[in-house]
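Please read it alongside the sequence and the coordinates.

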Amino acid sequence: MGKLRELVRISARVLCVAIPVGFLTIFFLYPVGSILVRGIGAGGLERLVGLLGRGSFRGVVWFTLWQAVVSTVLAVLVAWPGAHLLARRRFRGQAVLRAAVTVPFVLPTVVVGGAFLALFERFGLSDGPLRLTRTVGAILAAHVFFNVAIVLRTVGTFWEGLDTRPEEQARVLGATPWQAFRWVTLPRLWPAVAAAASIVFLFCFTSFGVILILGGPTRATLETEIWRHAVFRGDLASATALAVVQLVAVLAMVVVANSMQRRRAIGQVPVRRTLPRASGRLLAGNLGLMAIVLVMPIAVLVERSLTTGRGADATWSVRNYVALADRVDLLPISALAALRNSLLFAVVAAGMAVVVGGLASVVVVHGRRTTSRLFDLGLMLPLGASAVTVGFGMLIALDGPPLDFRSSRWLVPVAHALIGVPFVMRTVVPTLRSIDQRLREAAAVLGASPARARRDVDLPIAARALAVGGAFSFAVSLGEFGATSFLPRHPDQLTAPLALFRLLGTPGEALRGQAMALSVVLMVLTAASVLVIEGMGRRGAVRGDL
């Protein structure tokens, strides 16, 4: 009996390591490695050098860089007042506001693209001689919309834990509020600001759906150019060369972002204190700014989804929502059927992410030091990598025996689960590490084996964290567009984001109305997932910044 238990224990350890390693190797490391091999081998290096010498390529790289820099600066500036409000003031509805500003971060990119298209059309900014300038403005505004939550949660959480006594001492010594902030608060906040800015820059640099929808053919980044060369032009060689450049840049930014994340915890000394109540003027100003940046695009999107006709003939009705059940020639199936596919894929992807991420989290917390670090870094890589690069890698790598998955119906949810695994680990690992060792010792005293102690003590505590990570994975999968746009699909497996992209890219009042209605439905489903996550976090203390 003892030998059987030992065999079971060893088998469980092997599975905890083998399943995450196999999943990461087959569906991430091998596809991304294939891009690198093709990009620098068999003439790929010469093609890459030639690509670097093209003026058009330099223009794409320049736009990719500067729009990411400007978007990052704007996101930090817009989120700064809100971070101060959440960290240094108390007011009714604080938890609701924190949850509400998180919703845009997980909205599907195609939904946000549709929202800003509707916003610009609503105010007559989609046409005219300044359309190119307005296109850039829409891209920057959409990026700010997406990334305000990152700055709010990252900087606000850190700011909330800073001791206020140094600022108070500076004020006693005669410093003005601005001087105290400039010379005392800001230097201590800088690690969190830099960490948030590095993450925002990474997301803006690898932005795909927003650029593709709002930029159209006039604005291109490395992400969209990889997609256009591979999908539309069939030029896999140029797409591979672009993907190598993209991959090197993203890996460098991931290293910088991880360094900033480690520095963020330095010097933070949480102090329990009673926060002053927010003044009416401060609260109104912040809520007004958030309404302009975050609420207006959504409100216009909802209004447009309920409107049929244009101008004097416009009427309010739910006709666009009813039409989602009708099949149009543009799509192989109805938009409603595509939404059902997305929900099914999201459920399957969330289940995979929970299994793989949960097992990996156990290894990170209870494994040997070297193994723990390798797992923690390796399974977080998909979160920093470009979804387009991952999808393109699957396209060119998983196309032959023994790894011929391109025609498999499982490939789409697998790609979504790959992106969801880091979200599961970011919630489960801190929870497992926070479990009081005395609980396990008490179980051991009562006769429980180490395996049973983990099952009876760790698993119930970690279950809520697994549910939170699974909900995040579900929300991410529901709106995933970058990787899915590369993967071959059966006609009856069209997803809602891809159907929405086709509807938005086709002229016609009826199709545009359906696109706006589908955007609202996706938005509501995603927002519901986020609110569930926030509710679980408040009840189970599974908290943390993004």
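In the largest nonpolar core, which has 123 residues, Leu 214 and Phe 392 touch the most other members; a nonpolar core is here a set of buried Ala, Val, Leu, Ile, Met, Phe, Trp, Tyr and Cys residues joined through side-chain atoms within 4.5 Å. Helix α6 (residues 131–160) contributes the largest share of this core, 16 residues, where helices (H or I, at least four residues) and strands (E, at least two) are DSSP runs numbered from the N terminus. The model is predicted, so local features need pLDDT of at least 70 and side-chain atom pairs count only at pLDDT 80 or more, whereas totals for chains, interfaces and linings use all residues. Residues are numbered from 1 along each chain as its sequence is written, and side-chain values use heavy atoms, with hydrogens and water left out.

**Cores and burial**

- Not counting residues up to four places away in sequence, Phe 392 touches Ile 35, Ile 226, Ala 230, Leu 236, Ala 239, Thr 240, Ala 243 and Phe 486, contact meaning heavy atoms within 4.5 Å.
- A second, separate core holds 39 residues, including Phe 28, Leu 432, Leu 466 and Leu 487.
- Helix α4 (residues 94–106) is mostly covered, with ten of its 13 residues buried; buried means under 20% relative accessible area, exposed over 50%, and partly exposed in between (1.4 Å probe, protein chains only).
- Among the buried residues of α4 are Gln 94, Arg 98 and Phe 105.

**Aromatic pairs**

- The structure holds 14 aromatic pairs, counted when the ring centres of Phe, Tyr and Trp (its six-membered ring) lie within 6.5 Å, with planes under 30 degrees apart called stacked, over 60 edge-to-face and the rest tilted.
- The rings of Trp 80 and Phe 181 are edge-to-face, because their centres are 5.9 Å apart and their planes stand at 85°.
- Since Trp 80 lies in helix α3 (residues 55–88) and Phe 181 in helix α8 (residues 177–205), this pair ties together parts that are 101 residues apart in sequence.
- Trp 178 and Phe 181 form a tilted pair, at 5.9 Å centre to centre and 35° between the planes; being three residues apart in helix α8, they are separated by about one helical turn.

**Arginines**

- Arg 219, in the loop between α9 (209–215) and α10 (222–232), is partly exposed, with a relative accessible area of 22%.
- The C-alpha atoms of Arg 219 and Thr 64 are separated by 9.4 Å, although the two residues are 155 residues apart along the chain.
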